[in-house]
Amino acid sequence: MGVISNITRSSGTDNKAGISRTIYFALAEDVQTWPTLPSGPATYQDLVKNDGAFAMKTGKQFWKFEATVRRSKLTFESAGERGSKSVINRLEVIRATMDDDIFGFFESHKNDDLIFIVKDHEDNLRVLGTEDLPAKIEEFSGDSGADVSDDKHCKFIVESVGDIARVYTGQTIPLTPAA
C-alpha cells in the first residue's frame, strides 16, 4: 500500500511564491552518479524528494544562469489519460537582455539533454530532469521591444516529464570541476 495521511496547514504559515534568480544547469551526460528515489517513503513529502547528491564526471560541473528577478517561474501540470497520469514540469526563464552570451547558450544547448536545479523561495531545490528522462529546452525567443519603454528580453522554456520536480536533498550543487 502507498503512503496515506492527513494534509493540514497551520494558520499564518508562509506560502512564498517565486524562484531564485540563480538557475543551475548541467549536461545530463556529465553526471556520474544521480540522486535516487527514496526507498520506503513514509510521508507525502518523501515521495517528492531525492536521496543522495549529484556526482559529476571528471572535469565536469553544474553551471549558473542568472535570470531576471520576479520574472521566471516553475510550473507543473498533469498529462495523460485517466489511469496513466504523468507530469510535465515547465521552467520559464526570462533574462532582461538580448546579449550574444544568451544567444550562444540557446545555440549550444537547444538540442541537449540537460538537468536544471531551481531554488524556490522556501529554500527547496527542485530538479528538472532525470537520468532516464532529461530536461530539454522546448522553446526560446527574444524580443527587442519596439518603444524605449518596452520590455527587452530573452526567454526560454525547459520541460521535464515523468514526476513532479523532486526536491534535491544533496548537501551541495557541484559548481566546480570534479576531480
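Q: Does E159 count as buried or exposed, and at what relative accessibility?

A: The model is a predicted one, and the class follows from the relative accessible area, with buried meaning under 20%. E159 has 18% relative accessibility and therefore counts as buried.

Q: With which residue does E159 form a salt bridge?

A: The partner is R90, and the closest N and O atoms lie 2.7 Å apart. This pair links distant parts of the chain, as E159 belongs to strand β10 (residues 153–162) and R90 to strand β6 (residues 86–95), 69 residues apart. R90 counts as partly exposed, at 25% relative accessibility. A network of salt bridges links E77, R90 and E159.

Q: How many salt bridges does the structure hold?

A: There are 8 salt bridges. Among them is the one between D113 and K136, at 2.9 Å from N to O. Here D113 lies in the loop between α1 (100–109) and β7 (114–120), whereas K136 lies in strand β9 (residues 136–143), 23 residues apart. Another of them joins K119 and D123, with 3.5 Å between the closest N and O atoms. K119 is partly exposed at 32%, while D123 is exposed at 56%.

Q: Which residues form a nonpolar patch on the surface?

A: The patch consists of I4, I7, Y44 and L47, which together have about 420 Å² of accessible area. I4 is located in the segment before β1 (19–27) and is exposed, with a relative accessible area of 62%.

Q: What pLDDT does the chain average?

A: Where pLDDT is low, predicted coordinates should not be read in detail. In this chain the average is 93, and 99% of the residues score at least 70.

How values were computed. Residues are numbered from 1 along each chain as its sequence is written. This is a predicted model: local features need pLDDT of at least 70, side-chain atom pairs count only at pLDDT 80 or more; totals for chains, interfaces and linings use all residues. Side-chain values use heavy atoms; hydrogens and water are left out. pLDDT is the predictor's confidence in each residue, from 0 to 100. Patches are made of residues with over 30% relative accessible area and no salt bridge: like charges are joined within 9 Å, nonpolar side chains (Val, Leu, Ile, Met, Phe, Trp, Tyr) within 5 Å. Accessible areas come from the Shrake-Rupley method with a 1.4 Å probe; for residues, only the protein chains shown count as cover. A salt bridge is a side-chain nitrogen of Lys or Arg within 4 Å of a carboxyl oxygen of Asp or Glu. Helices (H or I, at least four residues) and strands (E, at least two) are DSSP runs, numbered from the N terminus. Buried means under 20% relative accessible area, exposed over 50%, partly exposed in between (1.4 Å probe, protein chains only).
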